[in-house]
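Subject: Handing over a structure, with notes

Dear colleague,

I am passing on the structure below, together with notes on what was found in it. Please read the notes with the structure open beside them.

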Amino acid sequence: CESDVVDLIPELVVRDSSFFPIGQLLSLVLPVVLKLGNLSPWHIISRGTKPSYEGIIHAVPELLLNQEEYRDHDSIVLVADVVQGEADIPFHVVAVVSLNTLDVLSHIAVRARNE
């Protein structure tokens, strides 16, 4: 089997289970609960392996639109208005910051935890 196919099997199994609709429901309810509790809207999808990261900060309207743009830079921190769940983390990007709610089972969240 191709390694890409093998890597997608756990994601497909999770999406086919009852946890997937529960995760979708929680993504709708969570922003309201955070606002009512006066809590931060930020979510950490993956903490990474280092105690801290640094890089050049770039603001982008949407992560999906900027997949190939940063190949010539060393370390990039992207601040994105929108992060699509099917997006990939571009090469050399060490952090993605966004206020939009992201499903923890989305492709990009699973990839962030695996990298």
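Leaving aside its neighbours within four places in sequence, which residues is Ser 98 in contact with? Ser 98 is in contact with Trp 42, Ala 80, Asp 81, Val 82 and Val 83, where contact means heavy atoms within 4.5 Å.

Before going further, please note that this is a predicted model, in which local features need pLDDT of at least 70 and side-chain atom pairs count only at pLDDT 80 or more, while totals for chains, interfaces and linings use all residues. Residues are numbered from 1 along each chain as its sequence is written, and side-chain values use heavy atoms, with hydrogens and water left out.

To return to Ser 98, this residue sits in the loop between strand 3 and helix 3, and Ser 98 is buried, at a relative accessible area of 16% (buried means under 20% relative accessible area, exposed over 50%, and partly exposed in between, with a 1.4 Å probe and protein chains only). A polar atom of the Ser 98 side chain lies 2.8 Å from the backbone oxygen of Ala 80.

The overall architecture

The secondary structure of the protein comes to 3 helices and 3 strands, and from the N terminus on the elements run α-α-β-β-β-α. Helices here are DSSP runs of H or I with at least four residues, and strands are DSSP runs of E with at least two, both numbered from the N terminus. Of the 115 residues in the protein, 24% are buried, and the protein exposes about 8,300 Å², of which carbon and sulfur atoms supply 60%; these areas come from the Shrake-Rupley method with a 1.4 Å probe, and for residues only the protein chains shown count as cover. Among contacts between residues at least 6 apart in sequence, 28% join residues at least 24 apart.

Helices 1 and 3

The buried residues of helix 3 are His 107, Ile 108, Ala 109, Val 110 and Ala 112, and they pack against helix 1 (3-15). Leu 8 is found in helix 1 and counts as partly exposed, at 39% relative accessibility. The C-alpha atoms of Leu 8 and Val 110 are separated by 9.8 Å, although the two residues are 102 residues apart along the chain.

Ile 56 and Ile 76 are 20 residues apart in sequence and 4.9 Å apart in space, C-alpha to C-alpha. Not counting residues up to four places away in sequence, Glu 62 touches Val 82 and Gln 84. In the loop between helix 2 and strand 1 (56-62) is Asn 38, which counts as exposed at 74% relative accessibility and has a phi near 55°, a positive value in a residue other than glycine.

The largest pocket

The largest pocket has a volume of about 1,100 Å³. A pocket is, on a 1 Å grid over the protein atoms alone, an open set of points where a 1.4 Å probe fits, with protein on both sides within 12 Å along at least five of seven lines, and lining residues have an atom within 4 Å of a point. The lining has 38 residues, of which Ile 44, Ile 45, Ser 46, Val 96 and Ala 112 lie nearest the centre of the pocket. Helix 2 (19-36), strand 3 (93-97) and helix 3 (107-114) each supply at least two residues of this lining, and the largest share, 6 residues, comes from helix 2. The lining divides into 24 nonpolar, 10 polar and 4 charged residues, where Ala, Val, Leu, Ile, Met, Phe, Trp, Tyr, Cys and Pro count as nonpolar, Asp, Glu, Lys and Arg as charged, and the others, Gly among them, as polar.

With best wishes

Technical notes. Grid points are joined across faces, edges and corners, and a volume is the space filled by probe spheres set on the points. A polar contact is a pair of N or O atoms within 3.5 Å; within protein, one must be able to donate a hydrogen and the other to accept it, and residues adjacent in sequence count only if both atoms are side-chain atoms.
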